[in-house]
Amino acid sequence: MAAMSGKIVQNVFIAQFYQQNRQFGTQYQRDSCAPYMRTLPHLNGGKLARTGISSMQVRDLSKYQSGFVNLLTVNCNAASSATTVPSLDKVDFLKLQNGSDIRGVAVAGVEGEPVSLTEPVTEAIAAAFAAWLLDKKKADTSRQLRVSIGHDSRISAQLLQDAVSRGIASAGLDVVQYGLASTPAMFNSTLTKDDAFLCPVDGAIMITASHLPYNRNGFKFFTNAGGLGKTDIKDILERAANIYSIFLAEGYSVKKASASLKKVDYMSVYTSDLVKAVRKAAGNIEKPLDGFHIIVDAGNGAGGFFAAKVLEHLGAITAGSQFLEPDGMFPNHIPNPEDKAAMKAITQAVLDNKADLGIIFDTDVDRSAAVDSTGRELNRNRLIALMSAIVLEEHPGTTIVTDSVTSDGLTSFIEKKLGGKHHRFKRGYKNVIDEAIRLNSVGKESHLAIETSGHGALKENHWLDDGAYLMVKLLNKLASARASGRGDGSKVLTDLVDSLEEPAFAVELRLKINQSHPDLKGGSFRDYGEVVLKHLDNHIASDPKLQKAPVNYEGVRVSGYGGWFLLRLSLHDPVLPLNIETPSHEDAVKLGLEVAAAVKEFQALDTSALDKFVQP
Ligand SMILES: [Zn+2]
């Protein structure tokens, strides 16, 4: 399949696809996805030999989504376990929910982390999504529904992609595989109108676990209304549990389906849209970034496309870009713009190459950050400040919605310097985005929803949290500044956040709740955490040195000693994270002591991190 005639590069029937998969057993499947495989030059065994390709080739194929080579090589890495799984384990599907995502363990080998996203579990989840989608969409379309599937660089990507494909096809829906893709591109595929690329699709599934370790994986789901929320995910998991119980009762078997499987190079559509956006912002110049030296660090995730397919098309030099090659073992650093080692790596690359700008993405490219030419990191509060400055130039007075751990300095920057409004909401990118949408619906204009994690969504981009699009907004600024003769390089960005006040000291401490402690009295960690917060709230009210934040949507946020702290309950884990930002370490200790005094009687709370911090 060398030539890509038109845009659809493969078109085969699922039934046929199943037949071929049956030739390969689960043992090979396990081997091909094992983490230790990278150190093994050869995997032996007849099953692999039948494919006629080496283990390393398989690995390369899985990394690059096979370059759409041919059906056999794609499928050899996707053995169906139809006839080779003797019995299925019972599964608690609801435990796979992580807010508005599904997350689990997909690769064996890490102690204490058994595989939860097996092929049958994955197939059940995909079939459940298909059923959910049929319920939602059947009234408004006459044609067969279709679902796009993409994945990041994880080593379990192929295995899960094939199980997802079977699940979708088993419900009679068409499957369109994109291969290596970014999460935002998947949402975009529900909006693109282009028959040649089989767009729009009715639903999209991204196989990713963002920045989590190599053995994890998971799913994000989209329709043209955006990412699915918590309630929908719960619904899908309940449906999946029912489908799985049929597998348990009747045996897990592969059924022939009449739906078709197609492969489409959708990332070329998505990246050309990004290129067009920058060209347009610069006044329709073909190469608005001509001569700019911009370095990309994709952390071996899915974001490597940004260098060759976006920046270079716009005229930028990308020499010195690093870790663009997908590698699901993430050998260089965690692809995470909040991670210190990751930010250090991109900063060093910018300085070593004397580049104008550095850009870093998380694994699935829904988060990003930048580094200016002097090595100054533009992530977390600084990225929010920068994006706020850009958006408030375009929409004066608008409301910027952020997560709860943003700094006080950011609030005064947005409100006093930029003339906007800062609506500090809860943690969780979906919460932040949904709040911005809600504000607009009640007549309070908002154009930007952004988290310190680097998730950011703009109204102009369908409220899609897209790390690549955030960076496009920065590029627009560089390009338009040059076009209007207002200086060169990243200084135009740095100058925008010049007056952002930043705390001299910032720390996050995590107080764990021991769920098996008798102090919980059989209740949930959530209930216990709420009681801790209530108690802290009362404690603060009686202390004249401390002031509660007048408006607060999550946890207990308090000002004092020239800084602030926030104690909140984690969205998913039995943990109370404590954030403190102050002018000095000494002031932070004073705030820490206040919290320590208020929570000391809670026996099930592990305060060791806090105790250590406040020790003289
Ligand atoms: Zn992500």
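This is a predicted model: local features need pLDDT of at least 70, side-chain atom pairs count only at pLDDT 80 or more; totals for chains, interfaces and linings use all residues.

Colleague: Let us turn to helix packing. At what angle do the axes of H6 and H7 cross?

Modeller: Helix H6 covers residues 119–137 and helix H7 covers residues 157–170. Their axes come within 7 Å and cross at roughly 40°. H6 and H7 are therefore oblique to each other, and their crossing is right-handed.

Colleague: Which residues of H6 and H7 make the contact?

Modeller: On the H6 side, the contact includes Glu119, Thr122, Ala126 and Ala130. On the H7 side, Leu159, Ala163, Arg166 and Gly167 are among the residues involved. By class, the residues of this contact divide into 10 nonpolar, three polar and three charged.

Colleague: How far apart are the axes of H6 and H9, and at what angle do these helices pack?

Modeller: H6 and helix H9, residues 230–250, have axes 8 Å apart and pack at an angle of about 125°. H6 and H9 are therefore oblique to each other. The crossing of H6 and H9 is right-handed. Among the contact residues are Val121, Phe129 and Trp132 of H6, with Ile236, Tyr244 and Phe247 of H9. The contact of H6 with H9 has 14 nonpolar, no polar and three charged residues.

Colleague: Next, the sheets. In what order do the six strands of the open sheet stand?

Modeller: A sheet is read from strand to neighbouring strand. The order here is S20-S21-S22-S23-S19-S24, with antiparallel pairing. Strand S20 (547–548) and S24 stand at the edges with a single partner strand each, so one side of each is left without a neighbour in the sheet. Helix H18, residues 525–541, packs on this sheet and touches S19, S20, S21, S22, S23 and S24. The direction of H18 makes about 30° with that of S21.

Colleague: How many bridges join S19 to S23?

Modeller: Eight bridges join strand S19 (residues 505–513) to strand S23 (residues 575–582), and the two run antiparallel. Within this pair, Leu511 has Leu576 of S23 as its bridge partner, while Lys512 stands opposite Val575. As a general idea, in a regular strand the side chains alternate between the two faces of the sheet. S19 is also joined to strand S24 (residues 605–606) by two bridges, again antiparallel. There, Ile513 has Leu605 as its bridge partner.

Colleague: Which strands stand at the edges of the open sheet of four strands?

Modeller: That sheet has the order S10-S11-S12-S13, with mixed pairing. Strand S10 (294–297) and strand S13 (377–378) are at the edges, so one side of each is left without a neighbour in the sheet. Strand S11 (residues 357–361) and strand S12 (residues 368–372) pair in the antiparallel sense over five bridges. Ile360 has Ala369 in S12 as its bridge partner.

Colleague: Which helix lies across S10, S11, S12 and S13?

Modeller: Helix H12, residues 340–352, lies across these strands and runs at about 150° to S11.

Key
Residues are numbered from 1 along each chain as its sequence is written. Axes are lines fitted to C-alpha atoms, for helices over the stretch in contact, and angles run from 0 to 180 degrees between N-to-C directions. Angles under 35 degrees count as roughly parallel, over 145 as roughly antiparallel, 65 to 115 as roughly perpendicular and the rest as oblique. A crossing is left-handed if the near helix is turned anticlockwise from the far one by less than a right angle, and right-handed if clockwise. Two residues are in contact if their C-beta atoms, placed from the backbone, lie within 7 Å. Ala, Val, Leu, Ile, Met, Phe, Trp, Tyr, Cys and Pro count as nonpolar, Asp, Glu, Lys and Arg as charged, and the others, Gly among them, as polar. Two strands pair if DSSP finds at least two bridges between them.
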